[in-house]
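Let's take a walk through this one together, starting with charges and ending with rings.

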Amino acid sequence: MKGKKYTTEEKIRILRQAERGKSIQEVCRENNVSEQTFHRWKREFGMIDVNQAKRMKELFEGERAAKTDAGRQDAGDRDPAGDPRKKMVDVAYAR
């Protein structure tokens, strides 16, 4: 069964609970997280502050949006009338 997906902010909040003096076992039990998951999060987000995580998330979302917009612009550039390599056919010769 697939577990709950935690946001980055929630993961950091859970990590901070253990730093404030609670044991890792207590924190994991209260938040329904395995100790293995806790240590993986600690390795990934251990030194990051919540504000830094939010900023990082905004940067990634902005980068993803820029890539999507660039892809849309490339698709829109395929206008046959604007392509100089396209052969022009005179209507008189097409009959």
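Where do Glu19 and Arg16 lie, and how many residues apart are they? Both sit in helix α1, three residues apart, which is about one turn of the helix. A quick note before going on: this is a predicted model, where local features need pLDDT of at least 70, side-chain atom pairs count only at pLDDT 80 or more, and totals for chains, interfaces and linings use all residues. Residues are numbered from 1 along each chain as its sequence is written, and side-chain values use heavy atoms, with hydrogens and water left out.

Back to the charges. Glu19 forms a salt bridge with Arg16, with the closest N and O atoms 3.1 Å apart; the term asks for a side-chain nitrogen of Lys or Arg within 4 Å of a carboxyl oxygen of Asp or Glu. Glu19 is exposed at 56% relative accessible area, while Arg16 counts as buried at 15%. Those labels mean under 20% relative accessible area for buried, over 50% for exposed and partly exposed in between, using a 1.4 Å probe and protein chains only. The structure holds two salt bridges, and Lys22 with Glu30 makes one of them, the closest N and O atoms being 2.8 Å apart. Here Lys22 is partly exposed at 34%, and Glu30 is partly exposed at 47%.

Now the overall build. The protein has five helices and zero strands; these are DSSP runs numbered from the N terminus, helices being H or I of at least four residues and strands E of at least two. Of the 95 residues, 21% count as buried.

On to the inside. The largest nonpolar core has 13 residues, and Ile14, Phe38, Trp41 and Phe45 touch the most other members. Such a core is a set of buried Ala, Val, Leu, Ile, Met, Phe, Trp, Tyr and Cys residues joined through side-chain atoms within 4.5 Å. Helices α1, α2 (24-31) and α3 each supply at least two residues of this core, and the largest share, four residues, comes from α1. Leaving out residues up to four places away in sequence, Phe38 touches Ile14, Leu15, Ala18, Ile24, Val27, Cys28 and Val33, where a contact means heavy atoms within 4.5 Å.

Last, the rings. A search of the whole structure finds one aromatic pair. The ring centres of Tyr6 and Trp41 are 5.2 Å apart and the planes meet at 75°, so the pair is edge-to-face. For Phe, Tyr and Trp (its six-membered ring), pairing needs centres within 6.5 Å, and planes under 30 degrees apart count as stacked, over 60 as edge-to-face and the rest as tilted. This pair links distant parts of the chain, 35 residues apart: Tyr6 is in the segment before α1 (8-19), and Trp41 is in helix α3 (residues 35-45). Both Tyr6 and Trp41 are buried.
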